[in-house]
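Morning, everyone. Let me put the model up, and then we'll go through the domains and the pocket.

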Amino acid sequence: MDKGEEKIMDIVSNIKIEKSEGSKLPFLDFDNIQFGKEFSDHMFIADYKGGEWQNLKIVPYAPITLSPACAAIHYGQSVFEGMKAYKNESGEIFLFRPEENAKRINKSAARLCMPQIPEELFMEAVKQLVEIDSDWIPAIEGSSLYIRPYLFASEELLGVRPADEYKFIIFTAPVGGYYSEPVHVKIETEYSRACEGGVGFAKAAGNYAAALYPAKLGQEQGFRQLIWTDAKEHKYIEEAGTMNIMFHIGDTLITPNTDLETTLAGITRDSVLVLAKELGVKVEERRVSVDEVIEAAKNGALKDVFGTGTAATIAQISSITYNGVKYDLPAIESRTLSNEIAKELQDIKRGRAEDTHNWIYRI
Ligand SMILES: *Cc1c(COP(=O)(O)O)cnc(C)c1O
């Protein structure tokens, strides 16, 4: 271990714990969980100041105090992650590929001139927080504990420059077994989510803010989500809402490549591609043109279209509208590949299927 690593291990081994007095858990109806409205008893907080991480603690979930001139609010230095903890029937607790979230928050942070969070710190904080609130993890099939780690500039600062002070916070929220209805989507040809050279690959708060208005217009026209296309020509597909998107055309599973940095590299996306290859399906990561998708929809080669992401794992798309023309997609029951992969992923996450890829992190 070098000096830096020793120091991090020292900091990480000193997470102070202040337990909440009286749990809110008795008030939670596990059969009727409202997503994003109910939060577990504790949260993790760490401060970045003077070039180092300090003051690591787990405290009761509660509002925090910030300066009105808090830099993140004004200039948007704010990035986040989304991950889940699962519990199986015997009470064992699992995380799915959490190291990938640790890596990705640092990629996002680097793009926004924010400090790196040592992976050991990220992992230990998630682990201890999930442990302390493990009774909040629903064991019901399909449900889980949503984990929200985020990093933002907390410095009192009105000048435009990278801030010197940050907070890294994690809180958790139980989520019920929600079934995601197949959605009608529209290919967006006016607004853009990301552009080359931009921040589309980062899980930056501002990306979400910028997408709200076009999404709202789409919803007013009856579309639950937008399919984002490239900012230059609106000819190539990038993502579906806040998910990655995949097309099963003929015998090939096709998805937009992530190396242009306009598409966020989802962990679900990567996992689905790995499983598809193992099922013997041809996989292509490349630019996907709107024209080829519409052509495939017209001639019947388009078997399946779905979004991938931590929230829903796989979200089926029932129709695509392009330039005012609606293309209905095959019935959900006929979509053998995505149904099979969704089941396989669920089995891995709940410890039922063999974890041949080392994706499971046991707590
Ligand atoms: C988080 C996110 C995804 C999905 O990533 P997962 O790691 O699979 O949850 C896809 N696209 C965008 C824009 C995202 O923010």
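The C-alpha centres of domain 1 and domain 2 lie 28 Å apart. Domain 1 covers 3-175 and domain 2 covers 183-349; such bounds come from an automatic or database domain assignment.

Ground rules. This is a predicted model: local features need pLDDT of at least 70, side-chain atom pairs count only at pLDDT 80 or more, and totals for chains, interfaces and linings use all residues. Numbering starts from 1 along each chain as its sequence is written, and side-chain values use heavy atoms, with hydrogens and water left out.

Now the interface. 20 residues of domain 1 are in contact with 21 of domain 2 (heavy atoms within 4.5 Å). The two domains bury about 1,800 Å² between them, 60% of it on carbon and sulfur atoms. Buried area here is the accessible area, with a 1.4 Å probe, lost on putting two parts together, summed over both.

How many salt bridges are there between domain 1 and domain 2? One. The term requires a side-chain nitrogen of Lys or Arg within 4 Å of a carboxyl oxygen of Asp or Glu.

On to the largest pocket. Its volume is about 1,200 Å³. A pocket is an open set of points on a 1 Å grid over the protein atoms alone, where a 1.4 Å probe fits, with protein on both sides within 12 Å along at least five of seven lines; lining residues have an atom within 4 Å of a point. Volume is the space filled by probe spheres set on the points. Of the 45 lining residues, the closest to the centre are Tyr-208, Gln-225, Thr-242, Met-243 and Ala-311. Each domain gives the lining at least three residues.
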